[in-house]
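Student: I have a structure open and want to go through a few residues and then the overall fold. Can we start with a single position?

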Amino acid sequence: MPPSRPVRAARTTATVALLLATAVACGDTGALRGAGATPTATSPARLWPNLSPASSPAYDFDEADTETVKGITVPGDDIHKVDPIAVVRAEIAAHPSDYEGSKAPYRGTAERIGDCEKKDGDRSACPVFKPYYRDLTGDGRDDLTLGFRLLPTKMTAVRVYTVEKHRLVQVMSNDDAVSGVELAGRSVIIRSPSELAGYEYRVQWTWDADQKAMLLTHDEFLRTGSRKHGVRRVTPTSPGSLASPSSPTSPVPSATP
């Protein structure tokens, strides 16, 4: 049988009194507390106001560059049905100066691509990583994020593909020494090692609906807190990093086995 109303009221009064006594004992009156002095706000100082604006960028970041992948069909416009190995083979065929011949910088990738299709035995020599699928373009359909080693260097190629008018279209291309890749919202975040201990490079490519491409929206140099020795950052013109590529980290989108 539940307690009568006067008994419940008495219990409530006792509980409130106990809470008030506890608050007073702790010295907390509930009032606002000062956080200390705040620094004085200063507006940005514009330097060299008479400097003529540049007419063109100093470096080409390949922004808004897209490329239709030749020779690849997309059955039912379902990108999950596209063979990732065939996509890498199509890139090798489309850029022979990069992959074919004894002087090609990434000749090892072309030499090892056959290891990806071995039915039996060890496929660890395959340069292509597990593909990841997530809607990066916002059209409600999955897009393909693909990574593969650029052998004999220690660089990693990161590509994003979408389907446009029944065609497979590459909407992002990034080659660098890579220590981690993440997918977040409509963005691909790529982390690369630095020669300065405790720091890393971090670039972010984000889908732009107007350009219909992934644009380089952030390029940062950040402290990681690590005490390990850094590694020289590698560009396509200076291969040879000691960094090892890694699979994408959380959040983890759906993947094909």
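Student: Where is serine 187 found?

Tutor: This is a predicted model. In it, serine 187 belongs to strand β7, which covers residues 187-193.

Student: Is serine 187 buried or exposed?

Tutor: Serine 187 is buried, because its relative accessibility is 7% and the cut-off for buried is under 20%.

Student: Which side chain does the side chain of serine 187 make a polar contact with?

Tutor: That of threonine 206, at 2.8 Å.

Student: And what else does serine 187 touch, not counting residues up to four places away in sequence?

Tutor: Besides Thr206, serine 187 touches Leu136, Glu182, Gln204, Trp205 and Met214.

Student: Trp205 is on that list. Which core includes Trp205?

Tutor: Let me take the cores in order. The largest nonpolar core has 26 residues, and Ile79, Val128, Tyr161 and Leu168 have the most contacts inside it. Two or more residues of this core come from each of β1 (67-73), α2 (84-94), β3 (143-150) and β4 (155-164). Trp205 sits in a second, separate core of 16 residues, which also includes Val169, Val171 and Met172.

Student: What is leucine 168 in contact with, leaving aside neighbours within four places in sequence?

Tutor: Its partners include Val69, Ile72, Val74, Ile79, Val82, Val87 and Tyr161. Glu67, Thr68 and Thr162 are also in contact with leucine 168.

Student: Change of topic. Where is lysine 154?

Tutor: Lysine 154 lies in the loop between β3 and β4. It counts as partly exposed, because its relative accessibility is 46%.

Student: How far is lysine 154 from valine 178?

Tutor: They are 24 residues apart in sequence, and their C-alpha atoms are 8.6 Å apart in space.

Student: Now the whole protein. How many helices and strands?

Tutor: There are 4 helices and 10 strands. Along the sequence they run α-β-α-α-α-β-β-β-β-β-β-β-β-β.

Student: What share of the residues is buried?

Tutor: Of the 257 residues, 33% count as buried. The accessible surface comes to about 16,500 Å², with 54% of that belonging to carbon and sulfur atoms.

Student: And what share of contacts join residues at least 24 apart?

Tutor: Among contacts between residues at least 6 apart in sequence, the share is 50%.

Terms used: Residues are numbered from 1 along each chain as its sequence is written. This is a predicted model: local features need pLDDT of at least 70, side-chain atom pairs count only at pLDDT 80 or more; totals for chains, interfaces and linings use all residues. Side-chain values use heavy atoms; hydrogens and water are left out. Buried means under 20% relative accessible area, exposed over 50%, partly exposed in between (1.4 Å probe, protein chains only). A polar contact is a pair of N or O atoms within 3.5 Å; within protein, one must be able to donate a hydrogen and the other to accept it, and residues adjacent in sequence count only if both atoms are side-chain atoms. Contact means heavy atoms within 4.5 Å. Accessible areas come from the Shrake-Rupley method with a 1.4 Å probe; for residues, only the protein chains shown count as cover. A nonpolar core is a set of buried Ala, Val, Leu, Ile, Met, Phe, Trp, Tyr and Cys residues joined through side-chain atoms within 4.5 Å.
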